[in-house]
Amino acid sequence: AVDVLFRSVTAVHGGHTLGVILTGMGQDGLRGCEHIREAGGQVLTQDEATRVVWGMPGFVPRAGLADKVLPLQSIAG
């Protein structure tokens, strides 16, 4: 699946993009994170302990694409 949102953001903002992956299913966010990292941007993901669904947030760090894996309450900081 293609993540249109992340592709669009990186097309405009390139390496200034920050992707945040929260609880969710599927792998579209994973593909979008690949584009963010290729453009020089950064990616944060929610940690396993605070996720409701393991799915998408788990794929990103396993693929080596997460700059940080944080508890939900720490992401905004």
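## A first stop: Thr17

Let's start at Thr17, which sits in the loop between α1 (4-13) and β1 (18-21). Helices here are DSSP runs of H or I with at least four residues, strands are runs of E with at least two, and both are numbered from the N terminus. This is a predicted model, where local features need pLDDT of at least 70 and side-chain atom pairs count only at pLDDT 80 or more, while totals for chains, interfaces and linings use all residues. Residues are numbered from 1 along each chain as its sequence is written, and side-chain values use heavy atoms, with hydrogens and water left out.

Is Thr17 buried or exposed? Thr17 is buried, because its relative accessible area is 6%; buried means under 20%, exposed over 50%, and partly exposed in between, using a 1.4 Å probe and protein chains only. A polar atom of the Thr17 side chain lies 2.9 Å from the backbone oxygen of Gly14. Leaving out residues up to four places away in sequence, Thr17 touches Val9, Thr10, Ile36, Gly41 and Gln42, where contact means heavy atoms within 4.5 Å.

## The whole protein

Stepping back, the protein has four helices and three strands, and along the sequence they follow the pattern α-β-α-β-α-β-α. The C-alpha trace spans about 35 × 30 × 20 Å along its principal axes. The radius of gyration is 11 Å, which agrees with the value near 11 Å for a compact globule of 77 residues; this radius is taken over C-alpha atoms, and the globule rule is 2.2 Å times the number of residues to the power 0.38.

Of the 77 residues, 35% count as buried. Among contacts between residues at least 6 apart in sequence, 66% join residues at least 24 apart. The protein exposes about 4,400 Å², with carbon and sulfur atoms supplying 57% of it; accessible areas come from the Shrake-Rupley method with a 1.4 Å probe, and for residues only the protein chains shown count as cover.

## Two strand residues

Gln46 lies in strand β2 (residues 42-46). Gln46 counts as buried because its relative accessible area is 2%. The Gln46 side chain reaches the backbone oxygen of Thr50 at 2.6 Å. The residues that Gln46 touches, not counting those up to four places away in sequence, include Ile21, Leu22, Pro57, Val69 and Ile75.

Val20 has its place in strand β1. Here the relative accessibility is 32%, so Val20 counts as partly exposed. Beyond its neighbours within four places in sequence, Val20 is in contact with Phe6, Leu44 and Ile75. The C-alpha atoms of Val20 and Glu48 are separated by 14 Å, and these residues are 28 apart along the chain.

## Helices α2 and α3

Which residues of helix α3 (residues 55-62) are buried? They are Gly55, Met56, Pro57, Gly58 and Val60. The cover over these buried residues includes β1, α2 (28-38) and β2. After α3 comes Gly64, with a positive phi near 75 degrees.

Leu30 belongs to helix α2, and Leu30 counts as buried because its relative accessibility is 7%. Setting aside residues up to four places away in sequence, Leu30 touches Met56, Phe59, Val60, Ala63 and Leu65. The C-alpha atoms of Leu30 and Arg62 are separated by 10.0 Å, with the two residues 32 apart along the chain.

Notes. A polar contact is a pair of N or O atoms within 3.5 Å; within protein, one must be able to donate a hydrogen and the other to accept it, and residues adjacent in sequence count only if both atoms are side-chain atoms.
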